[in-house]
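Please consult the sequence and the structure shown below alongside the text.

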Amino acid sequence: MPAGLKRAGALRWRKQRNSAMDASHLIYMANQIARNLAAQGEEAAIAATAQHIRDFWDPRMKATIYAHDRSGLDPIARSAIARLAAG
């Protein structure tokens, strides 16, 4: 494979990987999780959202969303993130 194609593939991979760390994308993802679990009732949805993020998100993703402004989060997602950030 020509070196230029290898480099292009590596750059594309790095861009995709870095996009997962973008705070606005993480907020979108947290809101999706919370909305999907909202039918369980508020407290159960907060607990399930927090558990999902705890279990499946990379530590860098969690650190990014903890450090970011949380005003874009839906109430369930905001509560779940606050619960996780508090430890």
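The side chains of Asp-74 and Arg-35 form a salt bridge, with 2.8 Å from N to O; the term denotes a side-chain nitrogen of Lys or Arg within 4 Å of a carboxyl oxygen of Asp or Glu. Asp-74 belongs to the loop between α4 and α5 (75-86) and Arg-35 to helix α2, so the pair ties together parts that are 39 residues apart in sequence. The model is predicted: local features need pLDDT of at least 70, side-chain atom pairs count only at pLDDT 80 or more, and totals for chains, interfaces and linings use all residues. Residues are numbered from 1 along each chain as its sequence is written, and side-chain values use heavy atoms, with hydrogens and water left out.

**Further salt bridges**

- By the rule given above, the count comes to three salt bridges.
- Arg-83 and Glu-43 meet through their side chains in a salt bridge at 2.7 Å, N to O. Arg-83 lies in helix α5 and Glu-43 in helix α3 (residues 42-56), so this pair ties together parts that are 40 residues apart in sequence.
- Arg-83 is partly exposed at 35% relative accessibility; buried means under 20% relative accessible area, exposed over 50%, and partly exposed in between (1.4 Å probe, protein chains only).
- A salt bridge also joins the side chains of Arg-60 and Asp-58 (2.9 Å, N to O). Arg-60 is partly exposed, with a relative accessible area of 41%, and Asp-58 is partly exposed at 26% relative accessibility.

**Overall fold**

- The protein chain contains five helices and zero strands, where helices (H or I, at least four residues) and strands (E, at least two) are DSSP runs numbered from the N terminus.
- Along the sequence, the pattern of the protein chain reads α-α-α-α-α.
- Of the 87 residues in the protein chain, 26% are buried.
- Among contacts in the protein chain with a separation of 6 or more, 63% involve residues 24 or more positions apart; contact means heavy atoms within 4.5 Å.
- The accessible surface of the protein chain comes to about 5600 Å², and 56% of this surface belongs to carbon and sulfur atoms. Accessible areas come from the Shrake-Rupley method with a 1.4 Å probe; for residues, only the protein chains shown count as cover.

**Packing of α2 and α4**

- The axes of helix α2 (residues 23-37) and helix α4 (residues 59-67) come within 9 Å and cross at roughly 95°. Axes are lines fitted to C-alpha atoms, for helices over the stretch in contact, and angles run from 0 to 180 degrees between N-to-C directions.
- Helices α2 and α4 are therefore roughly perpendicular to each other, a class that covers 65 to 115 degrees, whereas angles under 35 count as roughly parallel, over 145 as roughly antiparallel and the rest as oblique.
- Ala-23, Leu-26, Ile-27, Met-29 and Ala-30 of α2 make the contact with Met-61, Thr-64 and Ile-65 of α4.

**Buried positions**

- Thr-49, placed in helix α3, is buried with a relative accessible area of 0%.
- Apart from neighbours within four places in sequence, Thr-49 is in contact with Ala-30, Ile-33, Ala-34, Leu-37, Ile-76 and Ala-80.
- Ala-77, found in helix α5, is buried with a relative accessible area of 0%.
- Not counting residues up to four places away in sequence, Ala-77 touches Ala-30, Asn-31 and Ala-34.
- The C-alpha atoms of Ala-77 and Ala-47 are separated by 9.8 Å, the two residues being 30 residues apart along the chain.
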